[in-house]
Amino acid sequence: MEKHNVTEFVLMGLFGNKQTELVFLFLFLLCYLTLIMGNSVIILTVTCSHLIEQPMYYFLCHLSLMDLCYTSTVAPRLISDLVATRRDISYNNCMTQLFTGHWLAGVEIFILVAMAFDRYVAIVKPLHYMVIMNRKRCNLLIAMAWGLGFGHSLALLLMVLNLPFCGPNVINHYMCDIKPLLKLVCKDIHVVSILAIVNSGTVLVVIFIVLLTSYILILCHLRTRSSAGRHKALSTCSSHIMVVVLFFVPCIYTYSLPVESANEDKQISVFYTMITPMLNPLIYTLRNMEMKMAMRKIWCQMSHSELM
């Protein structure tokens, strides 16, 4: 492991302008509270109803949990730093944020893959659906998501731990992430930069292409369905596609470009750290009649129990 003289980093924040940041303080606080409430409602609705027995909602419950956990590694610090005079973060805390953030984001990505696989089996092989997507296989897919996310994050962490930080310690970002950290390394990072792109950017592109291909195959297969069956499947798949695009496109833009490139990483990253996790509950519930009915039933049960 390389020696480093830096014991703490200073986060520049999102804008660098105090007046602008105070305006966005309330906006981000509102987004975070909405995100907590929306994803908590989905978790409560799915776990307290018959929906938990269906693989699609089982995965959706785990996705909402990941949205809550992942954003919570970033949002509290981002919001508090908007009013803080000092934005220093210790070396160890910075590495912890890097590891946990990428681990949870990695888990979320592979849950989206599991959800796409579930929809593919449900629509293309409906007669074998209950056999293929049994609870044991669903649990295995979730375990694989955690394992693959951990492997991705551990590889990034080990890469950064072996780099020397001996000069400037100001991170041009609101969180500790791989690209802004590599810009502070006091040695040639050409090889490390390529490894980081392969680990994050290339993997994201490949998974995104696989997901889009699976949904294109689903849409092609829907042409053989009846009008009612086609409408229901399209409604479900359109929600999945929207979430995939909203999450993957900003991530690909951030992690596929070289470290040396001058791009708006920290502004774009707000989409996948705050905006998309906040919108996911709306996207999955607004056009989903089963979710609406389950939410209404639980609300009625809670109201009834309060009156008793």
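In the predicted model, three strands are arranged as an open sheet with the order β2-β1-β3, and the pairing within this sheet is mixed. The edges are formed by β2 (88-90) and β3 (170-171), each of which pairs on one side only. Strand β1 (residues 8-11) is joined to β2 by three bridges, and these two strands run antiparallel. Within this pairing, V10 is placed opposite D88 of β2.

Helix α4 packs on the sheet and touches β1, β2 and β3. The direction of α4 makes about 85° with that of β2.

Helix α4 (residues 91-124) also meets helix α2 (residues 55-72): the two axes come within 9 Å and cross at roughly 160°. Because angles over 145 degrees count as roughly antiparallel, α2 is described as roughly antiparallel to α4. The crossing in which α2 passes α4 is left-handed.

On the α2 side, the contact is made by P55, M56, F59, L60, H62, L63, M66, D67, C69 and Y70. The α4 side contributes G101, L104, A105, V107, E108, I111, L112, A114, M115, D118 and R119. Classified by residue type, the contact between α2 and α4 comprises 15 nonpolar, two polar and four charged residues.

Key. Residues are numbered from 1 along each chain as its sequence is written. This is a predicted model: local features need pLDDT of at least 70, side-chain atom pairs count only at pLDDT 80 or more; totals for chains, interfaces and linings use all residues. Side-chain values use heavy atoms; hydrogens and water are left out. Axes are lines fitted to C-alpha atoms, for helices over the stretch in contact, and angles run from 0 to 180 degrees between N-to-C directions. Helices (H or I, at least four residues) and strands (E, at least two) are DSSP runs, numbered from the N terminus. Angles under 35 degrees count as roughly parallel, over 145 as roughly antiparallel, 65 to 115 as roughly perpendicular and the rest as oblique. A crossing is left-handed if the near helix is turned anticlockwise from the far one by less than a right angle, and right-handed if clockwise. Contact means heavy atoms within 4.5 Å. Ala, Val, Leu, Ile, Met, Phe, Trp, Tyr, Cys and Pro count as nonpolar, Asp, Glu, Lys and Arg as charged, and the others, Gly among them, as polar. Two strands pair if DSSP finds at least two bridges between them.
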